[in-house]
Each structure stands twice: as C-alpha cells, then as structure tokens.
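Morning, everyone. I have one structure to walk through today. Please look at it on the screen while I talk.

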Amino acid sequence: MRVTVGQIREMKQKGEKITMLTAYDYATARLIDEAGVPLILVGDSLGMVVLGYESTIPVTIEEMLHHTRAVVKGAQQAMVIGDMPFMTYHAKIEDAIYNAGRFLKEAGAQAVKLEGGQSMAETVRRVVDCGIPVMGHIGLTPQSIHQLGGFKVQGKSPEAAVRLVKDAIALEQAGAFSIVLEAIPAPLARVITQKVSVPTIGIGAGPFCDGQVQVISDLLGLYTDFVPKHAKQYARLYEIISKATSDYIREVQQGTFPTEKQSFAMDEGLLEGLDKEL
Ligand code: KIV
C-alpha cells in the first residue's frame, strides 16, 4: 500500500519524524523506496542537478512529467510528489488545476508541490478542491530567486518572520497537506511548526520541523558544482564514479578489459571459410 496524505498527517500527531528525498529517475526511486522513505519529491531541482541549468526557472512541465513517470515506476510504497515548475500555476488558477492534474493523470504522481504562501492560497484551495493533494513551499522559494535577490535565508526580520507564519497558516487553511520550509532560521521554523497542524518539512530550517527533505544528489555527493550549507553528504559518490571511470579507461587502454569473463564464446570452427563468403 502506498503512503497516503492521512498517514503523513498522522505522523505529525504521533510525533514521528518524516523523511522526504528527491529522485529524478527509476533506479534511484526504487532504491530509496526500498530503503523506506515515505515521501519522494520529483523536485524541479532536477533543472540544476540533472539537466545542468543554472536555476529551476527554465524547467518545463514536459521535463517534469517525463522524470515523474520514471520515479513513479520505481517507487512502490512512497507517495510521489511532482513539483510544479515555474509559470505552470501562476498566470491563472485554471492553469494550476490543469497542470496539477497532468502530474496525476499523465505521470501517476499522488500529489503536487507548489511555491508560495498567502498569494497562492486560493490556487491551493482550488487544486485541493479538485481532489489533488498539495504540498506548500515557503521561505526560500527558488522559482523567485530574482525577486528574492539570490539564494538567501528568509524570515530574518520581525516583519518577514510574521509574513512567513501567516503564509504557513494560509496554506494550512487552503488545504495543503504539508509545507516545505526552506532556508529559514531554526527558531522561526519551530514557531511555524507549532502554529500549524499539518507537517512542516524542512530544508535548511533546523531540527524542529516535523520532517526533513534533502536533494538526493547532495546527500549522495553526486552534484559538486555547489554544496549548500544545509546539505549533509552521507556518501561521496563523485569519488567512486571518478575512480571507476579512470579505472575503466586505464583497463581498456591496457587491454585488461574485457576479459573472457565479459565475453561470449562460440565454436571457432564455424568461422572457417568465412573469408570465402565475404
Ligand atoms: O526542487 C526541489 O528539490 C525542492 C526541495 C529542495 C524542497 O523544492
């Protein structure tokens, strides 16, 4: 049975910490699903860590649907959440409903995530009214980096802190089943977590959130262009991949790969007279 919105809400009530990881492909989704992560986010961070873009802004809905389909195939238990890319839910509420629906209908996701607080509350309400679970996302919202002036910690002034608390309450009232808090001071994340009944999932928001999310490429040490302060490398796959690749190049050049073990045999007698046939 796949994880449900009700189970995620219940985890907060029971005080069980929630984990979420991003995934962008079948193989990774399968591994992290088997390891037991209850929430898998197909984040638009894929723009940077998979597609090599400078930000999440150029990511298209077709790219998101393509990767979400692969993740859904790999994950049997976890709830898969598709991240709505920039400009697929901003211009009109009808666009938001239609595009959120595509994640469920065409990619098989169970929920969507979108960025924004009070200004997005009505959009969230209308999408939820259509039966589509929505995860909110406030604080550092990467689709607004040009407005925010870069990847900066949010909510540091009293006014900004109040605004973020109001954003979280507005999302809860609109029906969001959980809220990502990105790059906000830990004490403020604690206040928000106490003020709302839905789970908060932090990234760079300290230990007091109901759950944590990490970008899988940061966690595994795969993406080294930029390692954010909030990321912890639980593995250093870049070292393993670099070594494996140079070992392979060396062995091919030396003629020590492939060996008999990786080759297919045949009765060489069948090759006799081959020249005459050519
Ligand atoms: O796109 C993403 O991966 C995200 C997480 C960092 C929350 O939005």
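Let's start at the ligand. An oxygen atom of the ligand lies 3.2 Å from an N or O atom in the side chain of Asp83. Keep in mind that this is a predicted model.

How much of the ligand does the protein cover? On its own, the ligand has 260 Å² of accessible area, and the protein covers 95% of that.

Now back to the polar contacts. Take Ser45. An N or O atom in its side chain is 2.5 Å from an oxygen atom of the ligand. Then take Asp44. One of its polar side-chain atoms sits 3.0 Å from a ligand oxygen.

Which other residues surround the ligand? Thr22, Leu41 and Gly43 are among them.

Step back to the whole chain. It is divided into two parts: domain 1 runs over 5-238, and domain 2 over 240-277. How many Å separate their centres? The answer is 46 Å, taken over C-alpha atoms.

Last topic: the backbone. Here is some background first. Most residues other than glycine have a negative phi, and most peptide bonds are trans. Two places here are worth a look.

Go to Met87. Met87 is not a glycine, yet its phi is positive, at about 70 degrees. Find Met87 in the loop between strand 3 (79-83) and helix 5 (93-105).

Next, go to Pro258. Is the peptide bond from Phe257 to Pro258 cis or trans? That bond is cis, with omega near 0 degrees. Pro258 lies in the loop between helix 11 (237-254) and helix 12 (274-277).

Terms used: Residues are numbered from 1 along each chain as its sequence is written. This is a predicted model: local features need pLDDT of at least 70, side-chain atom pairs count only at pLDDT 80 or more; totals for chains, interfaces and linings use all residues. Side-chain values use heavy atoms; hydrogens and water are left out. A residue is near a molecule or strand if one of its heavy atoms lies within 4 Å of it. A polar contact is a pair of N or O atoms within 3.5 Å; within protein, one must be able to donate a hydrogen and the other to accept it, and residues adjacent in sequence count only if both atoms are side-chain atoms. Accessible areas come from the Shrake-Rupley method with a 1.4 Å probe; for residues, only the protein chains shown count as cover. Domain bounds come from an automatic or database domain assignment. Helices (H or I, at least four residues) and strands (E, at least two) are DSSP runs, numbered from the N terminus.
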